[in-house]
Amino acid sequence: MTTRPDPAGRIWASIDLGSNSFRLELARLSGERYQRVSYIKEAVRLGAGLDAQGMLTEEAMQRGLNCLQGFGEQLVGIAPERIRAVATQTLREARNRNAFLARAEAVLGHPIEVIAGREEARLIFAGVARLQPSDKPRLVIDIGGRSTEMILGHGRKPLLAESFGVGSVGLSVRFFADGRYTAEAFRAAQVAAGAELEEALTLFRPELWQEALGSSGTVGAVSQILAASGKTDGRITPDALRWCVAQCLEAGSQDKLQLPGLKDDRRPVVAGGLCILYTLLTQFGIDELLPTKGALRQGVIFDLAERLQPSGARDPRAGSVTELQERFEVDVAQAERVATQAELLYRQLSPKAAPELLRELGWAAALHEVGMLVSHHDHHRHSAYVIAHVDAAGFSTNQLQRLAGLALGQRGGLRKLEAQLNDPSLLDQLIALRLAVILCHARTPVAVATPRLERKGKQLTLHGPKGWSGEQARTRYLLKEEAEAWSRTGVLELALA
């Protein structure tokens with residue numbers, strides 16, 4: 001059954017492609033009020049479909065595609081800019097993720113962004129902080145299928161966010177693959193979890209927070225078991241977890257495990273989740289972990305709503321760009337000159353460009369020289385590497401790769417960008433950025449008007465301002481070289497009028 005159309009544009013949608021479950025959340029926002037319209041969760045167990053070579057099996061991909069096709073039907077009538085789909089650890093790891101994402105986006109009908117671990121943690125905290133506000137410094141833990149996120153925060157501000165490569169699916173597949181429960185397997189799983197989480201002991205030590213909250217699937221499942229069994233009111237404590245493990249050992253296998261509140265979709269991964277939880281509570285001195293309503297999917301909606309504010313002032317990506325400029329000692333005045341010229345040129349190429357594409361071009365211009373701190377020689381290559389691999393709040397790995405491509409293509413030959421040149425939206429951004437870098441090559445305020453661009457098919461003509469020939473001889477020389485570079489691509493011909 002599909003949702004009714006949303007002509008008023010009030011519904012927001014988030015899709016969370018987790019390692020164990022895929023989730024769809026539809027909601028309305030009114031000021032600080034969050035109203036859920038619909039929530040669907042399907043146990044896809046994508047993470048269990050990673051083979052020894054790090055490839056998703058066809059069976060696992062098909063489970064995901066079937067789920068996303070159903071999700072796509074639920075999105076009919078919702079404005080595309082109010083929909084955001086994010087993927088987490090399994091698709092961060094999968095070597096064939098691009099092949100899966102191409103098929104997944106086709107059936108969903110919307111792009112899917114792979115987000116880095118720290119970005120996932122930031123969004124989790126955003127969901128928790130908004131739906132369960134508090135003035136206390138808090139530790140938020142989210143145990144997913146193949147990763148565990150830990151966040152220290154105060155109010156709505158995350159102070160430290162980290163992601164660790166251990167989750168309920170991965171640990172269960174590794175130590176309980178045959179479905180049998182033994183004391184040796186539980187001990188080995190806890191040691192493995194402790195080894196992965198040990199580096200976080202100092203960062204998240206107990207004196208830094210006053211309450212600990214648990215978000216999402218594993219915590220929610222164990223909390224339901226404890227409440228239904230009458231062991232606690234849903235709070236997770238070390239004693240309660242020892243009782244859960246004892247029940248597993250008494251049953252001997254997941255097929256024979258009978259715990260009140262344990263759902264069938266959680267049964268294959270409950271042992272791994274218990275091991276991670278027990279390790280966290282004992283190693284980090286957590287007396288009790290409280291389940292929380294907020295999660296990644298709500299954080300995605302809150303973050304998306306802030307991005308679409310008219311001024312864009314609350315978009316976390318803008319703050320990330322400024323922080324990166326400071327960290328890499330970027331010549332901000334030069335970056336602003338290039339950004340101004342690039343936007344003026346881009347608006348000529350794409351008069352109806354989407355605001356997001358304009359923002360991307362501005363960020364690419366702001367960061368195009370971060371590689372200068374590494375080396376002046378081939379700085380565009382260093383810039384591309386830094387942008388592609390940096391943790392930047394608000395950015396998905398997809399978008400960072402796109403910005404990295406623009407940074408790489410800001411100068412030099414174009415053969416290195418052969419694949420990107422097939423994307424019309426990125427092609428126009430690239431043309432604008434390359435021409436802007438040339439116009440600002442003197443690193444001084446641009447003394448003449450921005451050239452006019454005229455496009456006819458694959459022919460692009462650049463008309464310089466009156467009197468430009470004599471005063472801008474060096475610029476014309478660089479533009480002639482630029483025209484020659486484009487002529488070798490076969491994508492377009494750049495002519496100088």
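Visitor: How much space lies in the largest pocket?
Guide: This is a predicted model: local features need pLDDT of at least 70, side-chain atom pairs count only at pLDDT 80 or more, and totals for chains, interfaces and linings use all residues. A pocket is an open set of points on a 1 Å grid over the protein atoms alone, with protein on both sides within 12 Å along at least five of seven lines. Points are joined across faces, edges and corners, and a volume is the space filled by probe spheres set on them. For the largest pocket, that space is about 1200 Å³.

Visitor: Which residues lining the largest pocket are the closest to its centre?
Guide: Residues are numbered from 1 along each chain as its sequence is written, and side-chain values use heavy atoms, with hydrogens and water left out. A lining residue has an atom within 4 Å of a point. The largest pocket has 36 of them, and the closest to its centre are Pro111, Glu113, Glu360, Asn398 and Arg402.

Visitor: Which element gives the most to the lining of the largest pocket?
Guide: Elements are DSSP runs numbered from the N terminus: helices (H or I, at least four residues) and strands (E, at least two). Those supplying at least two lining residues each include β4 (83–87), α3 (97–108), α13 and α16 (424–439). With 6 residues, the top contributor is α15.

Visitor: How many residues of that pocket lining are charged?
Guide: Ala, Val, Leu, Ile, Met, Phe, Trp, Tyr, Cys and Pro count as nonpolar, Asp, Glu, Lys and Arg as charged, and the others, Gly among them, as polar. The lining of the largest pocket has 14 nonpolar and 10 polar residues. Its charged residues number 12.

Visitor: How much space lies in the largest cavity?
Guide: A cavity is a set of grid points where a 1.4 Å probe fits but cannot get out. The structure holds 2 cavities of 30 Å³ or more. The largest cavity has about 200 Å³.

Visitor: Which element gives the most to the lining of the largest cavity?
Guide: The lining divides into 2 nonpolar, 13 polar and 7 charged residues. β2 (21–30), β6 (138–143) and α7 (216–229) each supply at least two. With 3 residues, the leading element is α7.

Visitor: How many nonpolar residues line the second largest cavity?
Guide: About 30 Å³ of space lies there. Its lining is Leu324, Leu367, Ile387, Val390, Ala392, Phe395, Leu400 and Leu403. None is polar or charged, and the nonpolar count is 8.

Visitor: Are α7 and α8 roughly parallel or roughly perpendicular?
Guide: Axes are lines fitted to C-alpha atoms over the stretch in contact, and angles run from 0 to 180 degrees between N-to-C directions. The axes of α7 and α8 (residues 238–251) come within 11 Å and cross at roughly 85 degrees. Angles under 35 degrees count as roughly parallel, over 145 as roughly antiparallel, 65 to 115 as roughly perpendicular and the rest as oblique. The pair is therefore roughly perpendicular.

Visitor: Which residues of α13 does α11 meet?
Guide: The axes of α11 (residues 316–327) and α13 (residues 355–367) come within 10 Å and cross at roughly 10 degrees. That makes the two helices roughly parallel. Contact means heavy atoms within 4.5 Å. Arg317, Ala318, Val321, Leu324 and Gln325 in α11 meet Glu356, Arg359, Trp363, Ala366 and Leu367.
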